[in-house]
Amino acid sequence: MLSGFHPGLIILATVLATILVVLLFVVPSNKRNLKNVERKFAGAVSDFVSERTKSEEILNDLDVGVIAYGKGGVRINVNPAAKKMFQPASIPDKFDEFIDSYGQDNGVQAALLLGSEAINGKLLMGDKILRMRIKLSHFEEGQAMSRLVVLNDVTEQEREEQRRKEFVANVSHELKTPLTTIKTYSESLIDWGLEEKPVDAIRKDIWRIHDDSLRMERLVEDLLLLSSIDSKGIRVRMETLNFASLVRQVVDRLHHQAKDKQIELSCYTLSRIPAVYIDKTSMERVITNLLSNAIKYTERGGQVKVYISYLIDDVYVKVSDTGFGIDKEHLPRIFNRFYRVDMTGSRMFGGTGLGLSIAKELVDLHDGKINVASTLGKGTEFTVMIPIARKVFCDTLEAYQVGSPMQGFLYQTAAQALQQHATDMGFPENCLSDLTDSDQDKLLSRALICEEDEWSTGTQSRLPAN
């Protein structure tokens, strides 16, 4: 049938038919494939951008400082933590400049030159101590393509380690001194023999040995108390008490010490004092330490005054003396363990050097504050502030009502006390978060009951100087 057509026409028709088939079937298929490829590529790009964004967010949120230097030693990235660590100094744009500035005195530059695997050192930046590590990565034909500088702020760890070393050294010294005395006097008794020394001399030696053994005993007791506080293993009995009565009892017990030095010891209650929620033994120890120090460091014929008052949600006791006073350079460290204002080493006033640090630890345990103000040659004033029982109990109940119980030791024990009172009142267990306002008022009224209050506003007890 086609034999009647010209061969050229037949070829042309075949080509046109082929083109038509391609246009009808192949081209649409390729377009679909192209769209699929474009869609997959767009997805891959999106995933890459998303992962890069996540990586940068993670890098920015890190507390660890990271500085990245790429090929040629050019800085390509630095996270906010690293910038903060180096403030106000700037971070060099070149790795070589960075090492010249921060790697010479700590051995980092030498380690790099020697090709060491572990490259790290410490870096002092103002009052901060940084631990710096250099990581080499992306090796190609033996050449490092990038360098990563990782920085950690180890200031607190280093200071804690230094405090630990000082503490061990101080304990060793404090124990060695009385041990030396005990050894010396006991050897004297052994060498001379009891028959060859007068009775008074023997008695004096024995008393010296006895006194230093007591000094060691007090030191060990203080160390054990500090250890129990540090490890949260201290056993306390929290109760609702009359703060003014407790302070006056301590003042009365120390009257004889003041009388021996002809010091006028006065105690004033300046206002109505609400009840407090405290461990009686711990707070007595705090007040006793402050008061005995005031008497100890006040010359004969001086004055020591104790004021008890109430300010908003805190009660406070203020111990003021007319003693030697403390130079202002010592005040920031006055509560450090073993820190002594008398740096002569004479130990003329005795003590273990731990009294004020223990006092601060015990005040902190009650969520309180202890402050000192002093003028050299005129006297010193210590102030202890403790939250009142109502505030402690109200804060504890409020935290339970919002579903976020407070975690501090004081508030945990307060919660236990409130739950015990609630159980005694017939409320179900674990009810603190479900109490109505009326039930809370009843519970607080019961929890705030303490020993008979001695409010006596403006009362004063005084020991005459003569």
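User: Which residues have the most contacts inside the largest nonpolar core?
Analyst: They are F243, V247, L291 and V306, in a core of 52 residues. Such a core is a set of buried Ala, Val, Leu, Ile, Met, Phe, Trp, Tyr and Cys residues joined through side-chain atoms within 4.5 Å; buried means under 20% relative accessible area, with a 1.4 Å probe and protein chains only. Helix 9 (residues 280-296) gives the largest share of this core, seven residues; helices are DSSP runs of H or I with at least four residues, strands are runs of E with at least two, and both are numbered from the N terminus.

User: Is this predicted or experimental, and how is it numbered?
Analyst: It is a predicted model: local features need pLDDT of at least 70, side-chain atom pairs count only at pLDDT 80 or more, and totals for chains, interfaces and linings use all residues. Residues are numbered from 1 along each chain as its sequence is written, and side-chain values use heavy atoms, leaving out hydrogens and water.

User: What is L291 in contact with, beyond four places in sequence?
Analyst: Its partners are V250, V251, L254, L265, V304, V306 and V319, where contact means heavy atoms within 4.5 Å.

User: Changing topic, how many residues of strand 12 are buried?
Analyst: Eight of the nine residues in strand 12 (residues 379-387) are buried.

User: And which strands pair with strand 12?
Analyst: Strand 10 (residues 314-321) does so, antiparallel, over seven bridges, and V315 stands opposite I386. Strand 11 (residues 369-375) is also antiparallel to strand 12, with seven bridges; pairing requires at least two DSSP bridges.

Key. Buried < 20%, exposed > 50% of the residue type's maximum accessible area, 1.4 Å probe, protein only.
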